[in-house]
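Have the structure open while you read.

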Amino acid sequence: MKIYQAKKGVGIKVMLVVFAFLPFIKISYDSQFGFSSLFMFLLLLTPFLFLNWIYFGTFYWIENGIFHYRSGFLKGNLEINQISRITKNKASWSGVKPAMASKGLVIKMKYDEVYIAPEDNEEVISDLLNVNSGIEIDGF
């Protein structure tokens with residue numbers, strides 16, 4: 001089993017920093033720290049925890065001829081022999097997107113489309129082609 005780490009774009013990093021400090025900024029402006037402040041702190045902390053789950057829980061792997069992906073609550077797999085085309089360095093506006101960056105790979109099958117953004121596009125393409133040499137590669 002080979003694991004591919006996901007590329008982490010600037011947007012997700014900025015959102016993590018903003019949501020990390022937002023609860024503390026809110027508390028610093030409260031004159032009294034009570035139940036409502038604690039509730040607001042936890043409410044503002046929730047998006048930060050959710051983004052961390054996505055940030056640290058996005059990765060891809062190939063095992064037994066199947067390409068698996070996981071990104072927070074999104075998870076799934078694709079039979080590599082069913083993949084017809086991969087478009088490099090392009091984003092997708094449809095389909096499933098377990099990715100956090102741009103210039104990834106659009107993996108197309110007969111009826112489905114999945115956008116991923118691994119750290120090394122060429123390594124993933126090479127390993128997918130080792131299983132299914134009939135995959136067409138588009139892009140630059």
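Asp127 is buried, with a relative accessible area of 16% (buried means under 20%, exposed over 50% and partly exposed in between, using a 1.4 Å probe and protein chains only). You'll find Asp127 in helix 3; helices (H or I, at least four residues) and strands (E, at least two) are DSSP runs, numbered from the N terminus. Skip its neighbours within four places in sequence, and Asp127 is in contact with Lys2, Tyr4 and Ile62, where contact means heavy atoms within 4.5 Å.

A quick word on what you're looking at: this is a predicted model, where local features need pLDDT of at least 70 and side-chain atom pairs count only at pLDDT 80 or more, while totals for chains, interfaces and linings use all residues. Residues are numbered from 1 along each chain as its sequence is written, and side-chain values use heavy atoms, with hydrogens and water left out.

Now for the salt bridges. A salt bridge is a side-chain nitrogen of Lys or Arg within 4 Å of a carboxyl oxygen of Asp or Glu, and by this rule the count comes to five. Here are some of them:

| Pair | N to O distance |
|---|---|
| Lys2 and Glu123 | 2.9 Å |
| Lys2 and Asp127 | 3.0 Å |
| Glu122 and Lys88 | 3.1 Å |

Why does the Lys2 and Asp127 pair tie together parts that are 125 residues apart in sequence? Because Lys2 lies in strand 1 and Asp127 in helix 3. Glu122 is partly exposed at 45%, whereas Lys88 counts as buried at 14%. Through shared partners, salt bridges join Lys2, Glu123 and Asp127 into one network.

Four strands form an open, mixed sheet in the order 7-6-5-8; two strands pair if DSSP finds at least two bridges between them. Strand 7 and strand 8 (136-138) stand at the edges with a single partner strand each, so one side of each has no neighbour in the sheet. Strands 6 and 7 run antiparallel and are joined by four bridges, and Val106 stands opposite Tyr115 in strand 7.

Finally, the greasy part. A nonpolar core is a set of buried Ala, Val, Leu, Ile, Met, Phe, Trp, Tyr and Cys residues joined through side-chain atoms within 4.5 Å. The largest one has 25 residues, and Phe67, Ile83, Ile86, Ile107, Ile116 and Leu128 touch the most other members.
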